[in-house]
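Colleague: I am new to this structure and would like a close look at the part around the ligand. Could you take me through that part with care, and then show me how some of the helices pack?

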Amino acid sequence: MDIYEAIRHRYSCRAYANTPIEKEKLDRILTSAAAAPSAKNLRDWRFVVVTDTKIKEQLKVAANNQSFIAQAPVVIVGCSNSDYVMRCGHGISLIDLSIAMEHIALTATAEGLATCWIGSFYPEKVRAVLGIPETIEVVELMTIGTPTDEEKHKALEPLENVVCYDKWKF
Ligand SMILES: Cc1cc2nc3c(=O)[nH]c(=O)nc-3n(C[C@H](O)[C@H](O)[C@H](O)COP(=O)(O)O)c2cc1C
């Protein structure tokens with residue numbers, strides 16, 4: 001699957017088969033995250049890979065009881081170890097982590113798996129479940145697994161709604 005196909009086929013999957021992800025596949029997916037660009041090449045992302053049934057159940061509770069979180073064979077908890085702020089005023093933690101997490105989503109799609117970003121969670125609860133220190137920011141969670149639902153075909157946003165050329169024309 002090439003990059004365009006992976007982008008087209010990625011969708012938010014909320015129903016997973018009860019089958020583990022092969023170690024080689026998961027390693028390739030995680031390697032794609034570690035290959036992501038990062039500001040100043042700081043690479044301050046940290047990923048907690050959760051496969052334990054009891055811990056996934058606790059994560060589900062910490063994430064608003066979204067039941068597919070416990071069902072997915074793998075939940076990645078994306079964290080950042082950086083409070084660096086760029087000259088533009090933006091902190092890098094959310095940006096760097098988001099790039100790496102989308103690498104995960106696209107690579108998983110290319111591997112025939114499906115994913116879902118999870119932003120609806122209580123960071124303090126996730127921190128407590130996983131023993132993550134206060135100094136580390138819990139940025140996003142992502143489920144990965146073999147989908148049991150139908151891939152959703154999404155309506156694409158017309159380019160003219162989101163793109164302009166040379167000057168601001170919205
Ligand atoms: C930052 C972020 C947080 C999200 N949080 C959740 C979530 O907590 N639960 C959920 O079911 N979907 C979540 N989603 C998935 C979005 O609802 C989904 O990406 C959007 O509806 C577009 O659908 P698609 O991913 O299938 O293209 C999140 C997506 C993003 C990018």
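Modeller: Let me begin with the glycine at the ligand: a backbone N or O atom of G119 lies 2.8 Å from a nitrogen atom of the ligand. Please keep in mind, as we go on, that this is a predicted model. G119 is also one of the residues that come nearest to the ligand, together with R10, S12, R14 and Q66, out of the 14 residues around the ligand. At R10 the side chain takes part, with one of its N or O atoms 2.9 Å from an oxygen atom of the ligand, whereas at W117 a polar backbone atom is found 3.3 Å from a nitrogen atom of the ligand.

Two packed helices are described by the angle between their axes and the distance between the axes. For helix α3, residues 53-62, and helix α6, residues 123-130, the axes come within 9 Å and cross at roughly 165°. Since angles over 145 degrees count as roughly antiparallel, α3 and α6 are therefore roughly antiparallel to each other, and their crossing is right-handed. On the α3 side the contact is made by I55, Q58, L59 and A62, which meet K125, V126, V129 and L130 of α6. Sorted by class, the residues of this contact between α3 and α6 comprise six nonpolar, one polar and one charged.

The second pair is helix α2, residues 23-34, and helix α5, residues 92-110, whose axes come within 8 Å and cross at roughly 145°. Here too the handedness can be stated, for α2 passes α5 in a right-handed crossing. The residues R28, I29, S32 and A33 of α2 meet A100, H103, I104, T107 and A108 of α5, and this contact of α2 with α5 has five nonpolar, three polar and one charged residues.

A last stop is T148, which has its place in the loop between β4 (137-145) and α7 (159-162). Although T148 and C13 are 135 residues apart along the chain, their C-alpha atoms are separated by 8.5 Å. Leaving aside residues up to four places away in sequence, T148 touches A15, Y16 and A17.

Methods:
Residues are numbered from 1 along each chain as its sequence is written. This is a predicted model: local features need pLDDT of at least 70, side-chain atom pairs count only at pLDDT 80 or more; totals for chains, interfaces and linings use all residues. Side-chain values use heavy atoms; hydrogens and water are left out. Axes are lines fitted to C-alpha atoms, for helices over the stretch in contact, and angles run from 0 to 180 degrees between N-to-C directions. Helices (H or I, at least four residues) and strands (E, at least two) are DSSP runs, numbered from the N terminus. Angles under 35 degrees count as roughly parallel, over 145 as roughly antiparallel, 65 to 115 as roughly perpendicular and the rest as oblique. A crossing is left-handed if the near helix is turned anticlockwise from the far one by less than a right angle, and right-handed if clockwise. Contact means heavy atoms within 4.5 Å. Ala, Val, Leu, Ile, Met, Phe, Trp, Tyr, Cys and Pro count as nonpolar, Asp, Glu, Lys and Arg as charged, and the others, Gly among them, as polar. A residue is near a molecule or strand if one of its heavy atoms lies within 4 Å of it. A polar contact is a pair of N or O atoms within 3.5 Å; within protein, one must be able to donate a hydrogen and the other to accept it, and residues adjacent in sequence count only if both atoms are side-chain atoms.
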